[in-house]
Amino acid sequence: MSETNFDVVIIGGGPGGYVTAIRASQLGMKTAVVEREHMGGICLNWGCIPTKALLRSSEIHHLMHNLDAYGISADNIKFDLGKVVARSRGVASQLSKGVSGLMKKNKVTVFDGAGKLAGKGKVAVEGKDGKKTELTAKHIILATGARARVLPGMEPDGKLVWTYKEAMVPTEMPKSLLVVGSGAIGIEFASFYRSMGAEVTVVEVMDRILPVEDEEISKLAQKAFEKQGMKIMTATNVKGLKKGANNVTVSLEAGGKTSEVTVDRVIIAVGIVGNVENLGLEGTKVKVEKTHVVVDKWSATGEPGVYAIGDLTGPPWLAHKASHEGVICIEKIAGQKDVHPLNTANIPGCTYSWPQVASVGMTEKAAKEAKKDIKVGRFQFIGNGKAIALGEPDGLVKTIFDAKTGELLGAHMIGAEVTEMIQGYAIARTMEGTELDLMHTVFPHPTLSEMMHESTLDAFGKVIHM
């Protein structure tokens, strides 16, 4: 008979749940994870990882069609969509198996099935075979994540109207598609399909794409995408969908005027909702607001002994936020003395489109609205030797500092590999670094990271290469 008594039971094996389980085990806690589908959750299986594999294929496809700029030629360049998708699924499968291996290595017991609260300190698990098991634990952590938001009249059907899942495993390349929503998910799919040759239209209800990003970066992103042939419609509402045999006619409204566009497929990317259903929250003190579980700074809910982390608790909906939140939660439970609450202002956000977009901290508008006296620095990719050598001369690194204290308030980037560079500014914010710390840091040459240095210098009138 399997052991059913634990120190901590985690419901959900995504990047929040499995990382929390590993840390709990390291802290000497007897730990179990309940996962109903795949270890690694949405991120590893249907989100962060497989989409990056798809985007890598589209990046190579784009480069292959621009070989002449690098002095190379090739004939009959084409792609096999089946192999592109198969590679993406293979990457996801490899990592999911890797997580299962980590569970065994760290002696974490995994229960395959759906878990729910079943009274104080109890979790009921129903396996895929219908078998029911009751687990007991002093601490229960909910890490069930979220799913795509569905809007009335735009319900996905898996054939003509897609969510991220269908968009990740197309059986044929649509000649045209419309993406509803221009957040990170929508823009990444728009970028993938456009780079692979599809005609892409992006519809955004807000007045700009990537609305959580700095306005200057949003404008540069839109300019870059439109240069690639993407059609972008901002301040536009989708009023309805009319499905044909193998296409969809979308009714749009903008500025009081209506129009229609017919496309092969529609991708719905208008946000997410927390997976709060069937968790046994009824009769508990767990509070749910707008589909998300309410928690305090240590991820504790209103129910003693019950915690919640990750996408289930609200924005930012990022895998790295979930992982870090889980570690903080379990370390607090274990009584660690050096644990600190999560400062979401220091969490970097990345969009892996072409060009990439990355940011951390306050936008220029937010800093001004907070009545900050600021200094803003900018450095364009065209002034960087490595960017020119790579054939990636378009982009910008923007930094925002407190003029009085030198505190780095925010950093915003667009261009090649900025999703790798942003962590330098995230570290600076975590360490409460000032402009002097960044100015006195020696950046290697030639690298793209030199632009981070130059942008800082520019904010204080000391830029060298621009």
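These notebook entries record what I looked up in the predicted model.

**Entry 1: conventions.** I note that the model is predicted, that local features need pLDDT of at least 70, that side-chain atom pairs count only at pLDDT 80 or more, and that totals for chains, interfaces and linings use all residues. Residues are numbered from 1 along each chain as its sequence is written, and side-chain values use heavy atoms, with hydrogens and water left out. I took helices (H or I, at least four residues) and strands (E, at least two) as DSSP runs numbered from the N terminus.

**Entry 2: α1 with α4.** I looked up how helix α1 (residues 17-26) packs on helix α4 (residues 81-105), and found an angle of about 20° with the axes 10 Å apart. Axes here are lines fitted to C-alpha atoms, for helices over the stretch in contact, and angles run from 0 to 180 degrees between N-to-C directions. α1 and α4 are therefore roughly parallel to each other; angles under 35 degrees count as such, over 145 as roughly antiparallel, 65 to 115 as roughly perpendicular and the rest as oblique. The crossing of α1 and α4 is left-handed, that is, the near helix is turned anticlockwise from the far one by less than a right angle, whereas clockwise would be right-handed. Y18, A21 and I22 of α1 make the contact with V99, L102 and M103 of α4, contact being heavy atoms within 4.5 Å. By class I find six nonpolar residues in this contact of α1 with α4, and no polar or charged ones. For the classes, Ala, Val, Leu, Ile, Met, Phe, Trp, Tyr, Cys and Pro count as nonpolar, Asp, Glu, Lys and Arg as charged, and the others, Gly among them, as polar.

**Entry 3: α1 with α8.** I next followed α1 to helix α8 (residues 319-333), where the axes come within 8 Å and cross at roughly 30°. This crossing of α1 and α8 is right-handed. On the α1 side I list V19, T20, R23 and A24, and on the α8 side S323, G326, V327, I330 and E331. The contact of α1 with α8 has four nonpolar, three polar and two charged residues.

**Entry 4: α3 with α4.** For α3 and α4 I recorded an angle of about 145° and axes 8 Å apart. Their crossing is right-handed. α3 contributes I49, P50, A53, L54, R56 and S57 to the contact, and α4 contributes V84, V85, R87, S88, R89, V91, A92 and L95. I sorted the contact of α3 with α4 into nine nonpolar, two polar and three charged residues.

**Entry 5: second largest pocket.** I found a volume of about 660 Å³ for the second largest pocket. A pocket is, on a 1 Å grid over the protein atoms alone, an open set of points with protein on both sides within 12 Å along at least five of seven lines; a cavity is a set where a 1.4 Å probe fits but cannot get out; lining residues have an atom within 4 Å of a point. Grid points are joined across faces, edges and corners, and a volume is the space filled by probe spheres set on the points. The lining of this pocket has 23 residues, and A224, K227, P393, D394 and G395 lie nearest its centre. α3 (48-64), α7 (215-227) and β23 (408-415) each supply at least two lining residues, and α7 gives the most, with four. I count twelve nonpolar, seven polar and four charged residues in the lining of the second largest pocket.

**Entry 6: cavity.** T51, L54, L55, E188, F189 and F192 line the largest cavity, and α3 and α6 (184-195) each supply at least two of its lining residues. The lining of the largest cavity divides into four nonpolar, one polar and one charged residue.

**Entry 7: backbone.** I looked up a cis peptide bond between P315 and P316, with omega about -5°; P316 is in the loop between β18 (306-308) and α8. The bond from H445 to P446 is also cis, with omega near -5°, and P446 is in the loop between α12 (435-440) and α13 (450-459). A235 is not a glycine, yet has a positive phi of about 50°; A235 lies in the loop between β10 (231-233) and β11 (237-243).
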